[in-house]
Amino acid sequence: MPEPISQVLPSYLDPAHPGPWGIYLEQVDRVTPYLGSLARWVETLKRPKRILIVDVPVELDDGSVAHFEGYRVQHNTSRGPGKGGVRYHQDVTLSEVMALSAWMSVKSAAVNLPFGGAKGGIRIDPRKHSQGELERITRRYTSEIHDIIGPNKDIPAPDVNTNGQIMAWMMDTYSMNEGATTTGVVTGKPISLGGSLGRVEATGRGVYVTACEAARESGIDIKGARIAIQGFGNVGGTAARLFQEAGAKVVAVYDHTGIVHNANGLNVLALFDYVREHGGVAGAPDTQTLSPKEFWSLETEILIPAALEGQITRDNADLIHTRILVEGANGPTTPEADDIISSKGTVIVPDVVANAGGVTVSYFEWVQDFSSFFWTEQEINHRLEAMMRAAYAAMSGVARQHGVSLRTAAFIVACTRILEARQVRGLYP
Ligand SMILES: NC(=O)c1ccc[n+]([C@@H]2O[C@H](COP(=O)([O-])OP(=O)(O)OC[C@H]3O[C@@H](n4cnc5c(N)ncnc54)[C@H](O)[C@@H]3O)[C@@H](O)[C@H]2O)c1
């Protein structure tokens, strides 16, 4: 029996409101029975290795001084340096950053990257700040966490509301404090600063590759397969294009402006042009408009939520009629919805593997920065596809071996890899 949450929860979290960290702890409890003798080390997963909370004071454009709360959490570094994004959002909490850092440990290990898991955040609404203020906030935050980050320690990346420019400021601040240009301290940088080719499309490409693997296992031909996608941005848009190039029919796309449908397949390239001009898919020519209910009810071979978290809940799970659901977004399916959809025989390719293409090319960026030798986009895509296929195969093999879902299998693969490293390293002192 797992311990009650109040006994494993650190004193700085409220047992009545454990937040996302509570969800993560439950996930660890669910995989523990499959860890064999490694279960001895499972407490390692339930305690972040290091948490840093910093005050970020900054002078605003009007001359006043504001203070923001910043975090960097390193959940686990048994397999390598910490890796994970930095989120700028007014509602970021310590519990959330802890959980996101742990999910990065799982993601890195599930794809077999030589990284641990970490995450950072600042409680700030970036839309309320000028570029100058954002730059000063980013630089001060980077200085405050300087001691615990670095190319061999912990490598931040973009996440919600952060981007290549913010990574460039982080890299510059770190380099100034070190007295040496250190490109490998962050990933997701602009190409001119040691960023990697292929990074922008990497997550969508990973979604496409894992979907193809799942389709192959289910005996579905990608040629002619019907695909519905929620989200037509970086992830959903790239996946849509790759599916169309492979001869699949992207029958519906759902974005923040509306939903477009064409049973014979949308013209994805024309839709990109339309979105560039009009800001969203709503009203695109040669399409019918669907309601959200109609979208989720579409009969498809592959459904890809690639927009936001928590989109598939017990309220719409019953409507879903697809053979394979590929989680492009992080956490798009609630646990209740997962049970409902799985019970119908739908295969769910979990986010920790399906959308790991981004962190995989971040790994390539880090490797290229270390060696100061840059690969072609073709090489990057080739290596990415090989790693995604290997990750899918490892997960799928464990799912068959234990008769569990791909999600549970991904956690078993990842936690086993992390705890094997923990065990052979041993405890110091
Ligand atoms: N970009 C990456 O490398 C990456 C990596 C891992 C996970 N993810 C996750 O994938 C998801 C999408 O990321 P992205 O980079 O493509 O973002 P993006 O901003 O490029 O695109 C987001 C898309 O979602 C749509 N959208 C927003 N709100 C919506 C709503 N209420 N209903 C329907 N559609 C809505 C937008 O219109 C847009 O098409 C996020 O959950 C993100 O955390 C992204």
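Which residue takes a positive phi in the hairpin of E1 and E2? Select Gly63: its phi is positive, near 95°. Keep in mind that this model is predicted.

**Stop 1: the hairpin**

Stay with the hairpin. Five residues lie between its strands. Now select residues 50–59, strand E1, and residues 65–76, strand E2. The two strands run antiparallel, and 10 bridges join them. Pick Val58, then look across to Ala66 in E2, which stands opposite.

**Stop 2: the domains**

Zoom out and colour three ranges. Domain 1 covers 1–47, domain 2 covers 48–182, and domain 3 covers 200–354. The centres of domain 1 and domain 3, taken over C-alpha atoms, are separated by 33 Å.

**Stop 3: the open sheet**

Next, show the open sheet of seven strands. Read its order as E9-E8-E7-E6-E10-E11-E12; the pairing is mixed. At the edges are strand E9 (288–289) and strand E12 (347–349), each of which pairs on one side only.

Select residues 226–230 for strand E6 and residues 299–305 for strand E10. This pair is parallel, with four bridges. Ala228 stands opposite Leu303 in E10.

**Stop 4: the ligand**

Centre the view on the ligand. How many residues surround the ligand? There are 19, and the closest are Gly233, Asp255, Ala307, Ala329 and Gly358. Two elements give two or more residues to this shell: helix H7 (234–245) and strand E7 (249–255). H7 gives the most, with three residues. By type, the shell divides into seven nonpolar, 11 polar and one charged.

**Stop 5: helix H12**

Select residues 357–371. This is helix H12, with 15 residues. From first C-alpha to last it reaches 21 Å, close to the 21 Å expected at 1.5 Å a residue.

Is H12 mostly covered or mostly uncovered? H12 is mostly covered, with 12 of its 15 residues buried. Among the buried residues are Gly357, Gly358, Tyr363, Phe364 and Trp366. Show what covers them: strand E3 (82–88), helix H3 (94–110), strand E5 (154–158), helix H6 (199–217) and helix H13 (377–402) are included. Then step past the helix to Ser372, where phi is positive, near 50°.

**Stop 6: two loops**

Go to Asn161, in the loop between E5 and helix H5 (164–178). Asn161 is not a glycine, yet its phi is positive, about 65°. Why does Asn161 count as partly exposed? Asn161 counts as partly exposed because it has 19 C-beta neighbours inside 10 Å, and a buried residue needs 20 or more.

Now select Asp286, in the loop between helix H8 (268–278) and E9. Asp286 is not a glycine either, and has a positive phi of about 60°. Asp286 counts as exposed because 11 other C-beta atoms lie within 10 Å, and the limit for exposed is 12 or fewer.

**Stop 7: Asp338**

Select Asp338 in helix H10 (residues 335–343). Asp338 is partly exposed, with 19 other C-beta atoms within 10 Å. Leaving out residues up to four places away in sequence, Asp338 touches Thr333 and Ile348.

**Last stop: a cis peptide bond**

Finish at Pro429, in the segment after helix H14 (406–425). The peptide bond from Tyr428 to Pro429 is cis, with omega near 5°.

Conventions:
Residues are numbered from 1 along each chain as its sequence is written. This is a predicted model: local features need pLDDT of at least 70, side-chain atom pairs count only at pLDDT 80 or more; totals for chains, interfaces and linings use all residues. Two strands pair if DSSP finds at least two bridges between them. The expected span of a helix is 1.5 Å times one less than its number of residues. Two residues are in contact if their C-beta atoms, placed from the backbone, lie within 7 Å. A residue is near a molecule or strand if its C-beta atom, placed from the backbone, lies within 6 Å of it. Ala, Val, Leu, Ile, Met, Phe, Trp, Tyr, Cys and Pro count as nonpolar, Asp, Glu, Lys and Arg as charged, and the others, Gly among them, as polar. Domain bounds come from an automatic or database domain assignment.
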